[in-house]
Amino acid sequence: MSQDAGEALRSVQVPHNMFRRAISLAKRVVGHPENAVPTVSSTEWMKNNFNVSERQVQGYLIGLFPITSWITRYNAAWISGDLIAGLTVGMVVVPQGMSYAQLALLPPEYGLYTSFVGVLIYSFFATSKDVSIGPVAVMSIVVSQVIKRVEAQHPGEWDRPQIATVLSFITGIIVLGIGLLRLGWIVEFIPTPAVSGFMTGSAISIAVGQLPGLMGISGVNTRTASYKVIIDTIAGLSRSRLDAAWGVSGLVALYLIRYICTWGESGYLRRKRVFFFITVFRNAFVMILLTLAAWLYCRTKEVDGKYPIKILLTVPAGFKHVAPPKPDSKLLETMAPDLPLATIILLLEHIAISLSTLLETWEKPPRPSPHAKRPVGGSKTIEPFAIRLVSAKMDEELKKTGPFLRLKHAFGRLNGYTIDPSQELIAIGATGIIGSCLGAYPATGSFSRSALKSKSGVRTPLAGVVTAIVVVVALYGLTDAFFWIPTAGLSAIIIHNVIDLAASPQQAYSYWRVSPPEFCIWMASVLVTVFSSIETGIYTSIGASLVLLLLRISKPRSAFLGRAIISEPANYKGTTREVFLPLSSANTSNAGIDILPPSPGVLIYRFEESYLYPNCSIFNSVLVSHVKKNIQRGRDMTDAKPGDRPWNDPGHRRSAVKDEIENRQKPVLRAIVLDFSTVSHIDMTAIQTLVDTRREIEKWTGHNVEFHFATVLSPWIKRALIAGGFGMKTPVSQEGLSRRHPLQALDDVESAEGVEKHPSTTPTASSINFISSDTPFFHIDISAAVASAERTIAQL
């Protein structure tokens, strides 16, 4: 029996030994070091990123329907807020929906379908109680462009509603997929000025396109560039019809009501709530007056089914066009070039709203009251523009600043909740897919209605259900009255709503003050959108933003540092401390600071960006050029023959002796301290460049040079540097990286093992645990790195 057990044991050990030999052979083939320094492992990375538990899966599935997290806690105290907000938004979205449907070249009922689906579906998927989904101006103009393009290529083959619903279905699938994959962060690559420029240009283009309809001028192509529309409108003023009486008077009334109510809110605080609701209902109020005037004027002037002014005529009651979308393959092929633009608009507008903020509008803060208490010490404070949800100017300021200041978490931070961008995209995708079956065209978040909803005191996303009920009531009970709505009045509502999306001069100037390159992007986006098209404008803004991002990554700031002693304020009892600042006055905000260079033989260099392949060549060229210009060459070139010089070495400028004397006056380089406090990532190309940099520098100096790294906090950066042969007493020889003689380095002041320790550099227990004795050239901060480098020089 024991003999059988022994044979079984040997049968197990033989494959195990073979496996160990195979692993050992593989390590030798790839050059794995015999005594590797402990670093973070790939297994740990896999566990942290791909170890999905059952609870996480359940959380993901439940998170797809956020309503389940709060609907069971719904209480009577929330009903009044949701009811008021829902009714208020409903009164606004009905005239807006019909107006935007006209903008999309669709019958007005399709705007109501879109409004109903947007507010209803979002209630189940929302992570924001304030955002309102429905038809918006920019998306409507994009839908009209798609319809025009499809009709131009295939006239009469598909009707306009079918094109719009198919577009809603396809873009809904795309956006839903992006949301399910949790890729909502991709919109962060488009900066605030780019979105602002595009929205400003779009607002101008849309408003200009409505001018002929406002004035009753026919025969003007409103789908061309905005400047051409302006020219044609001015030339056609003599052809203006009676519609202008309704359009111009409606537009004047809208602005007059707004300004009177704004003045009233500030002058009569007790009546602020009354003025607020008058302002909110101004669209509906003006539309009712214009419709009543049109009915009184036109009811007896019908001639062969035509009226003196252009009105909506018959609007079908109820959901008359409920049908699944028909995504014909030929239709999909025709609209394929427009799908990226439509998808980008859906992403931009909604995320810009749900993550927008008013906290840094760059406007001047309100003048403080003379009775207000001054801060302790009398210091001046800069108060950011408050999120004035209860102020008189909230509606105007929201419309002006909302889409442009996407600095995150406005409505959420305002009201104490967090918005999930990916879940918001799921809501948009679900709205598009379900809405396409009810006749809706693509919908996204509306900033004006979202601001109105928030200001009205909404408590939960269930307010969207109330708004949906209002839309249904309008669809079934008010369609007879919609017959007499003048289209010029709808044009007035469109102009009034979209013009506030344009950035104010104060905002444009703030872009210039903060970042002139981004101001140029803003200006380019506006000009291209106005003088070309919305499609070209959005691509211009995105393309210019990505180019600027790549330039900033590939051309980062860097500086050689020196030591400065600064004094703390008086309340710190006049203490001083050592800091490291750029030696060049052009790289520091205070040119009056006395900055001393480091000890001779030590260079301190800071690279203010992640060290990656687009910018690693900058690191090499700056560092090597500085060394060759300011550091002593190790080899005496006095008697060097022309053939011994590199082809790119011009040789002596005056005489070999004088050049050598000048060379000997330069310091001998012993150590380079690299400040990695701003480096968050590093890649293979950067490590290879760093190895090449070390090789070039040591070839110039004629001896080994220590490379010290300060504030290497990421374990993956540490692992990459160790793989390149940095940080250790005896650098690892790696094929393709470096092959150099072992460098006998002095013990680091932070390592657990060491020579004589000075009191000022004796490590604490935490620093011993943080810095391993296996990697004495990695330091917890720049002061320790410089101290270690200077100790090396002192002991040579």
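This is a predicted model: local features need pLDDT of at least 70, side-chain atom pairs count only at pLDDT 80 or more; totals for chains, interfaces and linings use all residues.

User: How many salt bridges does the structure hold?

Analyst: Side chains of opposite charge can pair when their charged atoms come close. Here, a pair counts when a side-chain nitrogen of Lys or Arg lies within 4 Å of a carboxyl oxygen of Asp or Glu. The number of salt bridges in the structure is 13.

User: Which residue forms a salt bridge with arginine 160?

Analyst: Arginine 160 is partly exposed, at 28% relative accessible area. The closest N and O atoms of the pair are 2.8 Å apart, and the partner is glutamate 151.

User: How many residues apart are aspartate 420 and arginine 182?

Analyst: These two form a salt bridge, with the closest N and O atoms 3.4 Å apart. The pair links distant parts of the chain: aspartate 420 sits in the loop between α17 and α18, arginine 182 in the loop between α7 and α8, and the separation is 238 residues.

User: Is aspartate 243 buried or exposed?

Analyst: Aspartate 243 meets arginine 241 in a salt bridge, at 3.6 Å from N to O. Arginine 241 is partly exposed, with 45% relative accessibility. Buried means under 20%, and aspartate 243 has 3%, so this residue counts as buried.

Terms used. Residues are numbered from 1 along each chain as its sequence is written. Side-chain values use heavy atoms; hydrogens and water are left out. Buried means under 20% relative accessible area, exposed over 50%, partly exposed in between (1.4 Å probe, protein chains only). Helices (H or I, at least four residues) and strands (E, at least two) are DSSP runs, numbered from the N terminus.
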